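Please look over the protein shown below and keep its sequence at hand while you read. The report that follows moves from pockets to strands, and then to a helix and single residues.

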Amino acid sequence: MMRSLYSGVAGLRTHQTKMDVIGNNISNVNTTAYKASSIVFSELMSQTTQKASGPNAQMGTGGTNARQIGLGVRSGAININITGQGSSQSTGNPFDIMINGDNFFVVNNGLENFFTRDGSFYVDGAGNLAMTSTGYNVMGWQVDEETGNIKQDTVSALRIMNAVNMTYPPEATTLANFSGILDKNNKDVVSAKGKAVNLNFFDALGYSYTAKFVFKQSGDVNEYSLELDKILDSTGKEVVSGAAAKALFGDANTTQLKEGKITFGADYSWNNGVLQRGGNPIVDLTTLIDTTTGVWKAGTELVDDPASTTTPKEQKTVEEMLGEVAKAYGYEGSVDAFMSQLYQTVDANGNPTGQYTMEDMLKRQAGVAAGTGDVPANTPLIGDIAASGADIETIGREFQGVKINFDGKKGNFAGINNQITNTTAMLNLSALNEMLGVDGQAFEDIKIDFSQTSMYDNKGTSTIGADKGGVGDEDGLGTGRRLGDMIGVSIQQDGMIYAAYDNGMTRLLGQIATASFANASGLEKKGDNLYSATLNSGEFDGIGTDITANGGSMSTGQLEMSNVDLSSEFTEMITTQRGFQANSRIITVSDTMLEELTNLKR
């Protein structure tokens, strides 16, 4: 009777332990990533009153089994359903991460590593990714500065927000492309001013600029000239224009053929190097040029205005005075367009003898000797043609730039400068550094691709435009960018952490490492949803594993819920209650039997 009494006590204790396990499970039903525990019983021990005996052939008797009386029950093992995946809970927080698979996050308290399935993280004041509950740092792998790739070495704290990561450095534009349709019937294309196309680009400091190009149609409608007109900064201020801008793109002295006519104004006349209007001098070319070198004075230099009646005479810039000459020939406001027009001389038989620009003839009119500087020999005087009263029959113009060719039958791009294999031209911005006195290489040359242009009927509308970056194999490269500020952080399914910047760039910041164990159930609970490695779980090697190595993944904006099954827990609670009740009856019945025994002596 005393044995049954103590067996009942052992049963009560063991069922109480099971109730403790069930209670802990239920209390953690809403704990993030909690793994349910279960208990199994084993009999405590047995008292052998008679050992087993074997059969005796001589005696003719059989064997007997051992006689054993059990002495109760004990807790055999407490198991954790650590590999059971909990359901997902959507939070919308990008730093909440759920592991799909059997791996664990690695966190560190500054002294040792712990392991957890609780992916509720945040970025602390130092910029480290950390657990919201404990503040322990989330461990992972850093980016190799040389390769830009993840280097899987000993895990370390992931500092994803620091002074370096908060911005993305600017970069100069090095590639650009023109694309779209250039319709030969477009009014802008056939006009004297041409079709304007803007190309936006960046320098190495991230400042934005606009290069303004101009397309003009040749006499051959399948050929178009393209030249750089000016470069503006982001405020619209001219950085470079005129001849200085044109020198940055294409080849000098490129000829575009297109027949035309220049008419000298009826009120105008030439008196040697002086342009007159109504018999009154308005421009003295000799004051605008160095006759020994054949070079015009600086455009901003002031010269006397012959038409002025004041003393001393009023002054105008060289550019303004040349504008008066252009106006006399019907090119008001277009000095460059007038000066570049080509005139061809012929012999008595009509055979060409030479080509000269209006600028060549003006320089000769100013007294510059033929063959001086860039003035061709035998250049005629523009005043002689004016005196004859004849119009100037032009054959085209001379410009600095490139000629874009198209296939007249198919309309597709057919090369640059009549070279079908040539698809690119260089915008030589490196020369702009010295021109502007920029310290270092703020501007870089830009290689421009024209292979995506075409010439089709588009109802008189041209869609041609220019954009930063390459095409084909170079698509997206060389675009350049301004300084970028971080606007967000995202975590990929493989644990890669990327920062996004408002200049369109992304940067790899690190990768969250995970740990896997041969026997995850052997991990030891440390509270706060943490585990530590034991001899039976297997050691952590300090490096960890990629989450994708075992077919796992990470889901952001979600947390893993507890894997406690309430229906199972309540069922276990019922059986535990009944087991506890039955064991208590053993004690009460044994007590009653003892009472009857003591009542034998009255």
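Strand β19 (residues 251-262) gives the most to the lining of the second largest pocket, with six residues, while α2 (187-190), β16 and β29 (392-406) are also among the elements that each supply at least two residues of this lining. Helices (H or I, at least four residues) and strands (E, at least two) are DSSP runs, numbered from the N terminus. The model is a predicted one, in which local features need pLDDT of at least 70 and side-chain atom pairs count only at pLDDT 80 or more, whereas totals for chains, interfaces and linings use all residues. Residues are numbered from 1 along each chain as its sequence is written, and side-chain values use heavy atoms, with hydrogens and water left out.

Rolling a probe the size of a water molecule over the atoms shows where empty space is left. On a 1 Å grid over the protein atoms alone, a pocket is an open set of points where a 1.4 Å probe fits, with protein on both sides within 12 Å along at least five of seven lines, and lining residues have an atom within 4 Å of a point. Grid points are joined across faces, edges and corners, and a volume is the space filled by probe spheres set on the points. In the table, Ala, Val, Leu, Ile, Met, Phe, Trp, Tyr, Cys and Pro count as nonpolar, Asp, Glu, Lys and Arg as charged, and the others, Gly among them, as polar.

| Pocket | Volume | Lining by class |
|---|---|---|
| Largest pocket | about 1600 Å³ | 17 nonpolar, 12 polar and 17 charged residues |
| Second largest pocket | about 300 Å³ | six nonpolar, seven polar and five charged residues |

Of the 18 residues that line the second largest pocket, the closest to its centre are Ala192, Lys258, Tyr331, Gln341 and Arg397.

Strand β16 (residues 208-217) is mostly covered, since eight of its 10 residues are buried, a word that here means under 20% relative accessible area, with exposed meaning over 50% and partly exposed in between (1.4 Å probe, protein chains only). Two strands pair if DSSP finds at least two bridges between them. On one side of the pairing list, strand β15 (residues 195-202) and β16 run in the antiparallel sense over eight bridges, and asparagine 200 stands opposite threonine 210 in β16. β16 also pairs with strand β17 (residues 223-233), again in the antiparallel sense, over nine bridges, and here threonine 210 stands opposite leucine 232 in β17.

Is helix α6 (residues 358-365) largely enclosed or exposed? Six of the eight residues of α6 are buried, so the helix is largely enclosed by the rest of the structure; the buried residues are Met358, Asp360, Met361, Leu362, Lys363 and Gln365. Just after α6, glycine 367 takes a positive phi of about 105°.

Threonine 31, found in the loop between α1 (2-27) and β1 (37-43), is buried, with a relative accessible area of 19%. Leucine 594, whose place is in helix α9 (residues 566-598), counts as partly exposed at 23% relative accessibility.

As for confidence, the mean pLDDT (the predictor's confidence in each residue, from 0 to 100) of the protein chain is 92, and 100% of its residues reach 70 or more.
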